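These are my notebook entries on a structure that I looked up.

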Amino acid sequence: MEEPRIGVYICWCGTNIAKMVDVEYIAEEVKKLQNVVVSRNYKYMCSDPGQDLIIKDIKENNLNRIVVSACSPRIHELTFRKALENAGLNSYLFEMANIREHVSWVHTDRKEATEKAKSLVIAAIKRVAFHDSLEKRYVDINPATLIIGGGIAGLTAALEIAETGKQVYLIEKKNSLGGNLAFVDLSYPDMNSISQVLDPRIEKVINHPNIKVFLNTEINEVFGYVGNFETKLFENTKAEEILKFGNIIVATGLKPFDPSVIPEYSYGKLPDVITSIEFEKMLKSGIIRTKDGKKPKNIGIIHCVGSRNNKYKEYCSRTCCSTGLKFANQLRDALPDAGIYELYGDMRAFGKGCEEFYTQTSRKDIVFMMFDQRNDLPKIKASTHNRDFNMIIEINEKLSGEELNIPVDMVILLVGAQAQDNAKDIAHAVGISMCGNAFYIERHPKLDPVATTTDGVYIVGSCQGPKGIIDSVSQTRAAVSRILGTIAQGSVQVEVTTAVVNEDVCCGCQTCISVCPYTAISFDPENNVSVVNEVLCKGCGTCGSACPTGAIKSRHFTDLQILSQIEGIMSLELEEI
Amino acid sequence: MSNEPKIVSFLCNWCSYTGADLAGTSRMKYASNIRIIRVMCSGRVEPTFVLKAFREGADGVLICGCHPGDCHYHEGNYKCLRRYKLLKKYIKQMGIDEKRLRLEWISASEGKQFAELANEMAETVRNLGPANIKDKLDLFEKTKSVNEGENVEKEKMEAI
């Protein structure tokens with residue numbers, strides 16, 4: 001092995017790291033380490049000048065190993081690997097030490113934080129010395145795309161991709177397309193008919209020569225990797241057919257919150273307490289009536305049902321406020337004399353045109369009342385005192401400070417959004433992660449909000465977090481452009497950090513074969529050794545841990561690399577090294 | 001050098017490392033005793049890594065993987081669990097308190113749980129006091145190398 005010539009770069013991340021970690025001290029200290037040729041600190045290593053610094057040093061000082069000590073490798077490892085490539089160095093001769101997420105942001109004592117950061121940097125230096133160059137591997141991309149979910153996001157994705165001449169498989173678990181929007185009457189704030197937007201799209205998708213739609217179909221397990229996925233479909237639980245595709249869009253949407261768990265609202269007990277979904281259906285039918293068939297005289301619209309309350313869902317469902325305003329407008333048009341009450345925690349009419357929509361709505365003789373969304377929900381109670389109303393809403397009105405009783409004969413609950421019941425099954429099938437609320441996690445919340453940590457799998461629409469039509473469609477188009485980009489390239493780079501067998505050391509015990517979750521290892525009886533199929537191997541390294549002779553090596557996570565890292569992480573006194 | 005215990009932690013890339021990152025992005029505060037090493041899967045954590053950490057002076061070792069059923073590689077965490085159970089018994093025989101080794105499941109969304117776990121582990125190990133494995137072995141090897149007149153450590157390194 002050539003003598004390592006290591007360049008070390010400690011990032012300030014503005015004040016994010018530098019405030020809690022003495023970056024200059026660490027950069028000075030590690031200069032003393034063997035094989036460290038250059039050691040610098042810089043304000044933003046990920047910036048262009050920061051990367052240029054590395055590239056320049058590699059060329060001028062003949063560096064062959066690089067350590068960047070900055071944020072999480074999950075954020076910028078690829079950025080720096082590219083910089084190495086630009087300097088003509090193999091991108092795997094690089095290691096990152098995470099001194100932001102794991103040090104400066106979580107510790108409060110500067111001395112302790114600096115000491116810990118130093119040990120992480122030393123560990124990275126010791127590890128990188130044993131890094132090997134790895135050759136990139138490319139695989140061809142199957143131009144077909146699998147889309148899971150036939151709501152507005154899934155339909156948009158299907159059409160966008162199919163229009164470019166590529167095959168699309170669209171899977172929907174229900175027996176019709178359109179998702180939650182299929183129940184919605186008008187869109188806000190423009191008050192246009194949803195079905196005029198949705199129905200032609202559904203029609204087009206069903207008849208498109210490049211789109212194959214599977215209704216009543218759920219997905220069990222997806223095999224393969226980016227560019228070459230495969231799944232067996234089950235339509236009504238009978239095995240249907242095997243599909244092959246290169247990319248996956250998960251567009252499984254959301255499920256409306258079930259308000260019957262909130263005792264204050266008596267949903268399910270009082271017949272004229274209905275959800276926003278039920279009211280949309282009423283609007284679509286054109287007839288607004290109470291259960292007794294009467295025109296309602298006083299209507300309450302309650303916001304944040306199930307949302308923004310730690311007892312139920314902590315998050316904001318994003319579409320309810322404007323939906324409530326939309327309902328108020330539609331009710332005012334249909335029932336000019338009715339009393340309309342909007343009961344809200346906070347009015348969040350965000351987005352283009354929505355604040356204006358709020359102002360316009362408030363001029364239409366609609367009563368707005370505020371309540372404490374977290375601690376004091378209004379209570380809906382039955383009333384038998386008067387024929388004109390059968391319910392009373394008791395509210396502690398926050399702005400006036402008064403306790404008010406509002407007589408109503410219809411209450412609309414603006415139910416929030418929650419993840420689908422089968423969110424976990426889908427996550428398992430395609431290999432993506434979920435947050436605590438069972439929404440899918442994007443690769444990077446800001447810089448890569450449509451991709452996931454599994455290459456070739458994209459998340460769009462409300463399965464990633466509650467959102468309206470505009471955001472869902474934008475996100476979908478972003479994912480589509482990413483997919484079309486990879487299809488246009490024809491091939492995609494795949495991980496090369498697979499396992500490899502040293503046949504001279506392998507004793508043929510086949511322990512590795514028994515632990516491999518991907519049946520990626522087979523036995524060669526002629527030579528009495530195990531053989532790794534690199535296409536099937538995903539590089540988990542379980543075989544490496546089980547091998548009694550150390551014959552199987554997990555590339556980029558070798559014993560030597562990790563053991564050196566442990567040595568480095570524990571070497572606290574530099575003099576000892 | 002501070003007297004604070006040192007804990008080496010092996011986190012799987014997909015769930016636990018991301019969870020630890022989340023603790024960072026959420027600015028949760030926890031004890032600085034934990035030093036994290038990333039592996040792709042908890043199934044990659046060889047018993048050797050754990051023993052090496054104790055050998056190098058760690059007072060505790062924390063392994064974190066995805067929750068059962070959530071492993072990115074289907075079942076690597078189960079492999080890890082099996083090895084862990086055996087390893088617990090083994091280190092006890094070696095005179096290392098088994099509480100110094102811990103395996104927990106941390107998902108990508110459990111930043112808070114990770115921060116709490118880090119504090120808990122630091123507390124446990126602090127109460128146990130220094131593990132002293134390194135000092136014992138260093139002394140043993142020093143005596144041995146003086147006796148044999150050769151550098152055993154060097155030979156060991158070459159063997160790796």
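**Entry 1: Domains and overall form of chain A**

I began with two centres: the C-alpha centres of domain 3 of chain A and domain 4 of chain A lie 63 Å apart. The bounds of these domains come from an automatic or database domain assignment. I noted that chain A is divided into domain 1 (6-134), domain 2 (145-253 + 420-492), domain 3 (259-276 + 284-408) and domain 4 (499-555).

I recorded that this is a predicted model, in which local features need pLDDT of at least 70 and side-chain atom pairs count only at pLDDT 80 or more, while totals for chains, interfaces and linings use all residues. Residues are numbered from 1 along each chain as its sequence is written, chains are lettered from A and ligands numbered from 1 in the order in which they are written, and side-chain values use heavy atoms, with hydrogens and water left out.

I then looked up the extent of chain A: its C-alpha trace spans about 90 × 60 × 40 Å along its principal axes. The secondary structure of chain A comes to 15 helices and 28 strands. Helices (H or I, at least four residues) and strands (E, at least two) are DSSP runs, numbered from the N terminus. Of the 577 residues in chain A, 56% are buried. Here buried means under 20% relative accessible area, exposed over 50%, and partly exposed in between (1.4 Å probe, protein chains only).

I also checked the contacts (heavy atoms within 4.5 Å). Among those in chain A with a separation of 6 or more, 69% are between residues 24 or more positions apart.

**Entry 2: The interface of chain B and chain A**

How many residues does each chain give to the contact? I found 52 residues from chain B and 53 residues from chain A. Together the two chains bury about 4,700 Å², 59% of it on carbon and sulfur atoms. Buried area is the accessible area (1.4 Å probe) that two parts lose on being put together, summed over both.

Across this interface I listed 5 salt bridges. A salt bridge is a side-chain nitrogen of Lys or Arg within 4 Å of a carboxyl oxygen of Asp or Glu. I also looked up the pair A:E115 and B:K6, whose side chains meet in a salt bridge (3.8 Å, N to O).

Which elements of chain B give two or more residues to the side that touches chain A? They are β1 (7-12), α1 (16-25), β2 (34-39), α2 (47-55) and α3 (76-93) of chain B. The largest share, 7 residues, comes from α1(B). I found α1(B) to be mostly covered, with 8 of its 10 residues buried. Among them are B:Y17, B:D21 and B:A23. Just after α1(B), B:R27 takes a positive phi of about 55°.

**Entry 3: Salt bridges over all chains**

A search of the whole structure gave me 40 salt bridges over all chains. One of the pairs that I examined is A:E2 with A:R65, whose side chains meet at 3.6 Å, N to O. A:E2 lies in the segment before β1 (6-11) of chain A and A:R65 in strand β3 (residues 65-70) of chain A, so the pair ties together parts that are 63 residues apart in sequence. A:E2 is partly exposed at 47% relative accessibility, whereas A:R65 is buried at 1%.

I next examined A:K126 and A:E567, which form a salt bridge with the closest N and O atoms 3.7 Å apart. A:K126 is in helix α5 (residues 110-128) of chain A and A:E567 in helix α15 (residues 559-570) of chain A, 441 residues apart. A:K126 is partly exposed, with a relative accessible area of 25%, and A:E567 counts as buried at 16%.

**Entry 4: Backbone angles in chain A**

Most residues other than glycine have a negative phi, and most peptide bonds are trans. I therefore looked up exceptions to this rule. A cis peptide bond joins A:Y188 and A:P189, with omega about -10°. A:P189 is found in the loop between β7 (168-171) and α7 (194-207) of chain A.

A:N216 has a positive phi of about 50° although it is not a glycine. I located A:N216 in the loop between β8 (211-214) and β9 (217-225) of chain A.
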